[in-house]
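The following paragraphs lead through one protein model, from a single helix to its sheets and then to the confidence of the prediction. Please keep the sequence and the coordinates at hand while reading.

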Amino acid sequence: MLDAPSPAPPPEPLSAPLSAPDPSPRPLVQVRDLKMHFPIYTGLLRRHTGDVKAVDGVSFDIFQGETLGLVGESGCGKTTVGRALLRLYEVTAGSVIIDGLDLGTLTPELLRRARPAMQMVFQDPQASLNPRMTLAAIIAEPLTEHTTWTADKRLARVYDLMDAVGLNRRFANRFPHEFSGGQRQRIGIARALALNPRFIVCDEPIAALDVSIQAQVVNLLEDLQAEFGLTYLFISHDLSMVRHIADRVAVMYLGRIAELSPRDALYARPLHPYAEALLSAVPEPDPNVESTRTRIILKGDVPSPANPPKGCNFSTRCPRVFDRCRVEKPELVQVEPGRMVACHLYPAQSRPAGSTGRTEAPEHNQQGAFA
């Protein structure tokens, strides 16, 4: 007697992976030893006599769907990092890999083809918009440059983007000067979303806005991230806002990363002395807690990036400095699971095999208006 044939297995969906998924998440953005030095020319013959080391050896990863906050005082190199990541500057050294592409090796034509996957929201919404173009023309400009769509299809996409960022369709033929600061920033966000990017650099997108509008823009960024699976590098001075939106936070000082930690761990217990001093300046809404806090006041001025100190960049202002700090530059190493610090106070911890240095990202909560 013949055995009955076994039923055929159901067909696999078209989107099924060809192999088992990698249990460890792979970063969408990989930055290794990034340096951005601007030359200094002096004298009548304009000789090259030095360099401004705006970014001096920065390394980090950003994972798909994650928001990495980048904080630090003015002049530490945050914006330069953001622009260098998108190759708006030609970097001095190091590599930037986005979605498997090493941007530094791409020809101009290949780089242009890669642009739709990476976009930027600029700090000043007024300066980043062409005053002679209407809202519809501004948002449609990336579509005109990178697609062969008809005018009707482009306009339909513009309307969809306006709906996504909360702009009334009746505003399509208005000019930038006719909008408020918050509305102009929404236009910039809509333009960045036009080509369905995977990675967006948000360069202080709320710095020029009042507090209530800041909350609206941050909520919008979070909603768009949840809807489209976006990955952000969020650059900001506002430590309270970074605490709300970021999954991990990198603290920069004088062109280098001092600490890179999960958000909750950093705000609960900063490890690097500079991160500790920086977070001590964040006011607490609870008056009882605020009255018991100790503010760390750093002495001295920030050194010039054209002539950084020997050894640790923070050695001239660090309250816990010792001899080794003045002669040896610390490397950014893992000192606790998921926490990386560039400081001689902490011994390096061996990273377990397959570890990404990232902890599980917490869920975001909508940001209300701040008092």
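In helix α9, the residues P273, Y274, A275, A277, L278, L279 and S280 are buried, where buried means under 20% relative accessible area, exposed over 50% and partly exposed in between, with a 1.4 Å probe and protein chains only. Helix α9 spans residues 273-280, and seven of its eight residues are buried, so the helix is largely enclosed by the rest of the structure. Its buried residues pack against β3, α7 (239-245), β9, β10 and α8 (263-268). Helices (H or I, at least four residues) and strands (E, at least two) are DSSP runs, numbered from the N terminus.

The model is predicted: local features need a pLDDT of at least 70, side-chain atom pairs count only at pLDDT 80 or more, and totals for chains, interfaces and linings use all residues. Residues are numbered from 1 along each chain as its sequence is written, and side-chain values use heavy atoms, with hydrogens and water left out.

The protein chain has ten helices and twelve strands. Of its 371 residues, 44% count as buried. Among contacts between residues at least 6 apart in sequence, 65% join residues at least 24 apart, a contact meaning heavy atoms within 4.5 Å.

Eight strands form an open sheet with mixed pairing, in the order β6-β7-β8-β3-β9-β10-β12-β11; two strands pair if DSSP finds at least two bridges between them. At the edges stand β6 (118-121) and β11 (333-336), each with a single partner strand, so one side of each is left without a neighbour in the sheet. Neighbouring strands of this sheet are turned by 25 degrees against each other on average, direction ignored. Such axes are lines fitted to C-alpha atoms, for helices over the stretch in contact, and angles run from 0 to 180 degrees between N-to-C directions.

Within this sheet, strand β8 (residues 231-235) has five of its five residues buried, so it is largely enclosed by the rest of the structure. In a regular strand the side chains alternate between the two faces of the sheet. In β8, T231, L233 and I235 point one way and Y232 and F234 the other, and all are buried. Strand β3 (residues 67-71) pairs with β8 in the parallel sense over four bridges, and L68 stands opposite L233. Strand β7 (residues 199-203) also runs parallel to β8, joined to it by five bridges; C202 has F234 as its bridge partner there. From β7 the chain crosses through helix α6 (residues 211-228) to β8, and this β-α-β crossover is right-handed: with the strands pointing away from the viewer, the path from the first strand over the helix to the second runs clockwise. Helix α6 lies across β3, β7 and β8, at about 160 degrees to β8. An antiparallel pair is formed by strand β9 (residues 248-253) and strand β10 (residues 256-262), joined by six bridges, with P262 as the bridge partner of R248.

A further open sheet has four strands in the order β2-β1-β4-β5, with antiparallel pairing. Its edges are β2 (47-63) and β5 (101-102), each with a single partner strand, so one side of each is left without a neighbour in the sheet. Strand β1 (residues 27-42) pairs with strand β4 (residues 93-98) over five bridges in the antiparallel sense, and Q30 has I97 as its partner in β4. Helix α1 packs on this sheet, touching β1, β2 and β4, and its direction makes about 115 degrees with that of β1.

Helix α1 (residues 78-85) also lies across β3, β6, β7, β8 and β9, running at about 150 degrees to β8. Six of its eight residues are buried, so α1 is largely enclosed by the rest of the structure; the buried ones are K78, T80, V81, G82, A84 and L85. After α1 comes R87, whose phi is positive, near 60 degrees.

Helix α3 (residues 135-146) and helix α4 (residues 151-165) pack at about 115 degrees, with their axes 9 Å apart. On the α3 side L135, A136, I139, A140, L143 and T144 meet R154, R157, V158, L161 and M162 in α4.

Finally, pLDDT is the predictor's confidence in each residue, from 0 to 100. The protein chain averages 86, and 87% of the residues score at least 70. Over residues 352-356 the pLDDT is below 50, and this stretch has six contacts in the model beyond near neighbours in sequence. The pLDDT also stays under 50 over residues 360-371, for which the model has 24 contacts beyond four places in sequence.
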